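Biologist: Hi! I'm new to this one, could you walk me through it?

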Amino acid sequence: MSMMVPGSQIHHHDDDSSKKTPGVLETFRNSIRLAAEKSPLTPGSRGSKNQSPPTPVRAPHSPGVTSPLRSVAALFQTKEDDDDQLQKSKAVMPSRTEPSMARLDSLLKKGASIRRSLRFSSKKDKRQDAFLAVQEEAVAKEESEEEEACEEMKETYTLPELPAVPLSVMQISKLIEMEVLEEAHLHLLALRAEFQQERLGLEDSPIDLAKKEKDLSLLYADLRLKLASIVRTSVSLPARNKGLLVHVARIIQEEDKRAQEPGGLQGSWMDLWREAVEQGARDKVEIVHLEPTNHSNASWLAVHLGLLGKVLLEDLENVKCELRWSYPPSFQVFATYVRAYHTAVKRHLGTLEGRAVELKDLYALLDWIVHRYHSRTMMGSPALEPEMSLADVDLRPDGDLLLTLRDKFCRTVQEDLRATLDRLVELENEEMWSTGKHPDIDDDGLLSSIFHMDICTKVRGNVVNAGRVDAELEGDVIASCLAELKDFPKRFHGEFCRRCLSLPLWSEYQVVYINGFQALQCHMEECYAGSNPNGVAAMGEEVTWLLQALQDGLQQRFKEDVKPYLRRMMTRKWLTNDDDFDALHGQAEILARHCEALRPPHRQVAVPEHLTATHVTFGSLRQEVASTVHLHMLKEYVGQLMKNNYSCKNRKHGKAAGKMRAQCRRIADVFRRMAFFQGSQENWLDPVGELLSDIVGLKNQGDIKDHLQPLLNQYPDFSSRHLTAVLAFRGVLRGREHQRIMCRFNQLRKNAIALTTGDQARNPNDGSRSLFGNMEAAVHVDCLSDVSVFCFTFVFPGE
């Protein structure tokens, strides 16, 4: 193969006798003498001493025998193949002991050339002789070629003298095929010059000129294809292509100079080189190992990106250390290759984006683009400096691709979180609801579940991974997670009610999830309210709705559970049997334990102006549940007194009053203990049992008038209808004492209203502290019921 030393000037000096090329006959004689000296069969030859017997000659058609007429193209193997063959030959036989088959082939051809020189040669013979001489020169250069020093090529050079008689079209094509580029190009230029002379001189017919022009076009097309092929594979085979690229660069320079002359091809040869570099970069990137679509390796993309980075670094190091010395400075080799590889990588990443559907793969792709691509292990490697800094190539990631990946990552985070939340609900059903398992109690004595912890861990993992890419992606992921959590409370409540409504542990489960969602809301506020206050507030509204729904469910279940026991209060059975009240008290105890197991209130955080604090913070659920149930229980208990289901006659009112007083105290004790745990704050309800018991238990009916004032002072919404019902339970259904009591009560109410003015006036129907306001009272009607109180006041003045 013909090689050109970078930066050398090529000149032919016919007058320099010391450098004159030996004649063909002299070359033939020297070759025969050298072959005889090297032959192990010649006595006294260099390789005759201490040599092993020659290997027996194989049959002509046996494997391993190389024909003397082998193709010349075999002389131009890759450097790697030559090295491998050299190592094999050293292992089989001693060096330089047998004649080379290639040299025998060359000798036979030289002999034919000598024989033809003794005769008159035709033009065809001259071209054949020139072709053989070119082959011999290429073989000689290949055998004597030494490793070149890494020096930058000079920008300009002197074109060698063109041969007087160009080779034939087939011979030039053969040289192109064999990659003897310098000689092929010289003969191609000679053929082109010959065509131009004939075209100007009109020596040939137009048909012959058209044929020659077509031949030139075909040869140039072959040459361009060969150059492109060499450039495409030059990075993979830098040792082989290093010398070839010298000729490639000179050919490109020379052809761009002759672009306007007839006989060549249209189009820039420099553009051809750049396109070949880009195609080679694409080929190298595309052949990096990538698992097929139906892969089983979970880390397929991370592995592929690691291999891709390794290929990028190795190829650019080859360009820096090997290939760039084969080009003149104007080619800007390193910058061109960096730009080509960057373009190929961007295109390849677009393909990978379509295959990356899982969250881990999208993260690996984003992390590689944002961090690893520019890291010291790839494009920012010290091994590529200072050339990388001087290349002035924009290596920023593709903005559109990065935006697409960010959006896809956030959507996938949201979809993955939704699947996780649905799976958590299924796990709760499998492990708790369907088996009726009791919830766990944590170290603080609270009913708890790891349900909310799993959600927080999932969100935290997504946010942390996004933050490793950059802060912008972290903010987007937080918004996506909060948006998904905003829709979760209603979905959870629907599934919970559908599957757990009839379970005995319904109330315990409600307490568990009240605690869990309160903790979830608290965690989100503490961690993400600073970065996304609107998202946290919107999610908080939905969580507040769920907490209220669970609280209502807890209260409603308690009311349903105690309803049958409350209906049997203030009856004949109640007076003689405590079973119903014990069951009622037991339900209150259970609810008290549930309230004690509720999580204390969490802190209030700053929220946007358009949302009030009540929309976001739920306060003390423990206190609210306990207070609501306390009011309901006493209201229903006292309400049974107003229904006139039983009348305490025959002095049973004393026993009834004692039981009522004792039972009201037991109820108050339950809720007083809840108040110690920040439970019910409705301590204003406690005196009602004592006050009503006093009225019911008085032996003398006339003394009832003196016990009405404390009742009205404590409960202004206590009406005459309620008093009538209490008197009926006491057994005071009619008569003079009854009317006097009612008259006294009405007078006390008028005085109380007259004394309260302005902002201090109380509305008896005020729901803030209303016990009797909406309480129904049944009144027995008899013949004296229609007599007005005014009449009795007139008959008995002062009463």
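Modeller: Happy to. Let's start with P386, which is found in the loop between helix 12 (359-372) and helix 13 (387-391). Helices here are DSSP runs of H or I with at least four residues, strands are E runs of at least two, and both are numbered from the N terminus. This is a predicted model, where local features need pLDDT of at least 70, side-chain atom pairs count only at pLDDT 80 or more, and totals for chains, interfaces and linings use all residues. Residues are numbered from 1 along each chain as its sequence is written, and side-chain values use heavy atoms, with hydrogens and water left out.

Biologist: Which form does the peptide bond from E385 to P386 take, cis or trans?

Modeller: That bond is cis, with omega near 0 degrees.

Biologist: And how many helices and strands are in the chain?

Modeller: The chain has 28 helices and two strands.

Biologist: New topic: where is E179?

Modeller: E179 sits in the loop between helix 5 (169-177) and helix 6 (181-201). Its phi is positive, about 65 degrees, although E179 is not a glycine.

Biologist: Is E179 buried or exposed?

Modeller: E179 counts as buried because its relative accessibility is 8%. Buried means under 20% relative accessible area, exposed over 50%, and partly exposed in between, using a 1.4 Å probe and protein chains only.

Biologist: What about H738, which residues does it touch?

Modeller: Leaving out residues up to four places away in sequence, H738 touches T724, L727, V732 and L733, where contact means heavy atoms within 4.5 Å. H738 lies in helix 27 (residues 736-755).
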